[in-house]
Structures are given as C-alpha cells and as structure tokens.
Amino acid sequence: MNEQIFKKISGASIFLGCDPKLLTSVLESENCKIKSFSSGETICEAHSVLRSIGIILSGSAVAMSQDRERNVLLRRFAQGDIFGVSGVFGEDEKFVTRISAKGPCSVAFISANGLRELIENDKNVLYNYIGFLSDRIRFLNKKIKFFTSGSAERRLALYLDSFGEDEFTIEESMSALAEMLDIGRASLYRAFDSLTADGFIIRDKDKIHVLNREKMINYYNER
C-alpha cells in the first residue's frame with residue numbers, strides 16, 4: 001500500500017484512530033480497490049449495486065438525483081470525503097443517487113466485508129461509523145427543510161447553508177435552482193437580492209460568500 005494513499009484513507013473520518021496494522025491489512029487485501037475516473041465519468045449509477053464505501057483520494061465528485069431530466073445536485077465530494085456508507089449493510093443493495101467525477105478523480109473502494117472486519121476489530125471505527133451516519137441524517141434533514149420551507153428567502157438561505165462552507169460556487173443554472181427549490185425564477189432573484197441587502201451574502205455571479213451562516217438561518221427562520 002502506497003504510503004500517500006494510506007495517509008489519505010487513514011485520515012478519512014471513519015478511520016480516524018484506527019489501528020494502522022489492521023487498516024493496512026484490509027487495504028492490502030482484495031477488500032480494497034482503487035480506481036481512476038475521467039471528468040464526467042460515472043462513478044456509481046443510480047440503481048446499480050454498491051456493496052462498498054468510496055473515499056475520494058484525489059479530485060472531486062458530485063452526487064446527482066436519479067432523475068436525469070431535473071439533474072438536481074445533492075452533494076459535492078472533495079478529497080477525503082466518503083460516500084456509500086448508509087447502504088453497505090442495508091437490505092436494499094441498490095445505490096440511490098448518481099455520482100460522477102468532477103474533473104479527473106481517484107477513489108478507493110472498501111468492500112462491506114473489509115469494513116465489517118474493521119468495525120468488529122476496532123471500536124474507534126464503530127463509533128466513527130455511527131457518528132458519520134448521524135451527521136448524514138442531520139445533513140439530509142437540512143435538505144428536506146429547504147425543499148419544504150416557507151418563503152423563497154428561507155429556502156434559499158437553507159440551501160446555501162447546506163453547503164457547510166462560507167465560500168463556494170453554485171453550479172446549477174438559475175432555472176435549475178428555482179425548480180429544485182420549487183419557486184419561480186423571479187422569486188429566486190428577489191431572494192438573492194434580499195439576502196444580499198440584509199448583509200448575509202456577497203454574490204459575484206455564481207460565486208457566493210456567506211458572511212454569517214448562523215445569523216442568516218436564525219433571521220429567516222423567524223420569517
């Protein structure tokens with residue numbers, strides 16, 4: 001196992017504190033495979049069988065909705081991010097979203113058997129795994145909120161907060177974003193203007209700088 005690759009995998013949230021010898025044993029076995037993808041290439045297709053977790057080793061990827069016509073962005077993945085965790089031990093073997101490379105990307109896939117071996121032999125991995133799933137539940141709850149919230153401003157604020165960062169780029173078109181938030185384009189433009197005028201964001205075309213996410217959410221939660 002390449003030392004650089006081992007460092008990236010061992011630094012992923014699920015494997016923090018894991019016994020290095022145990023982790024090395026799994027990574028050097030048939031339970032770990034490393035694959036490279038070109039820009040735009042599908043990493044995991046919706047409805048395909050995925051009995052592994054994926055860890056982004058280099059580059060980035062995006063998770064999109066199953067509906068290719070709407071093509072809704074659900075999440076971005078950067079180096080060290082993990083996907084596929086919720087379905088590894090579930091009864092449904094099918095993957096529920098479509099993940100594709102955003103530029104050249106490499107991914108380490110660790111099988112369910114490999115993950116089971118780590119969980120059974122190292123409690124750090126078990127607790128990390130539970131913590132990861134808990135964080136994912138909170139993330140999905142945020143997504144549900146901006147799909148079902150009241151005003152356009154509140155939906156947009158919750159959507160921007162879901163990025164979990166203060167500076168980022170929105171890759172959806174305004175039409176796609178309006179459709180995803182279930183509001184009109186005119187309402188979306190007004191919502192952006194309101195968030196800017198209220199001092200919560202600075203917008204430069206598709207680049208967004210959120211000045212205070214917590215205050216922004218609290219402010220629009222009251223409206």
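Which residues is Thr169 in contact with, leaving aside its neighbours within four places in sequence? I found Arg76, Phe163, Asp206 and Lys207, with contact meaning heavy atoms within 4.5 Å.

Before going on, I noted that this is a predicted model, where local features need pLDDT of at least 70, side-chain atom pairs count only at pLDDT 80 or more, and totals for chains, interfaces and linings use all residues. Residues are numbered from 1 along each chain as its sequence is written, and side-chain values use heavy atoms, with hydrogens and water left out.

**Entry: Thr169 and its sheet**

I placed Thr169 in strand E9, residues 167–169. Helices (H or I, at least four residues) and strands (E, at least two) are DSSP runs, numbered from the N terminus. Thr169 comes out at 31% relative accessibility, so I logged it as partly exposed. The cut-offs are under 20% relative accessible area for buried and over 50% for exposed, with partly exposed in between (1.4 Å probe, protein chains only).

Next I checked the pairing. E9 belongs to an open sheet of 3 strands, ordered E9-E11-E10 and paired antiparallel. E9 and E10 are at the edges with a single partner strand each, so one side of each has no neighbour in the sheet. I got an average twist of 20° from one strand to the next; the axes are lines fitted to C-alpha atoms (for helices over the stretch in contact), and angles run from 0 to 180 degrees between N-to-C directions.

E9 and E11 run antiparallel and are joined by 3 bridges; two strands pair if DSSP finds at least two bridges between them. Thr169 sits opposite Lys207 of E11, and Lys207 is also one of its contacts.

I followed E7 (residues 98–101) to both partners. On one side, 2 bridges tie it to E2, and Ile99 faces Cys44. E4 (residues 61–64) is joined to E7 by 4 bridges, with Val62 partnering Ser100.

Which way do the E7 side chains point? Arg98 and Ser100 go one way, Ile99 and Ala101 the other, and all are buried. In a regular strand the side chains alternate between the two faces of the sheet.

**Entry: helix H7**

I checked the length of H7 (residues 185–197).

Leu188, Ala191, Phe192 and Leu195 of H7 are buried. They cover an arc of only 100° around the axis, so they lie on the same side of H7; the arc is taken from the directions from the helix axis to the C-beta atoms. Exposed Asp193 and Ala197 are on the face turned away from that buried side.

What do the buried residues of H7 pack against? I listed helices H5 (152–161), H6 (174–181) and H8 (213–221), plus strands E10 (201–204) and E11 (207–210). After H7 comes Gly199, with a positive phi near 85°.
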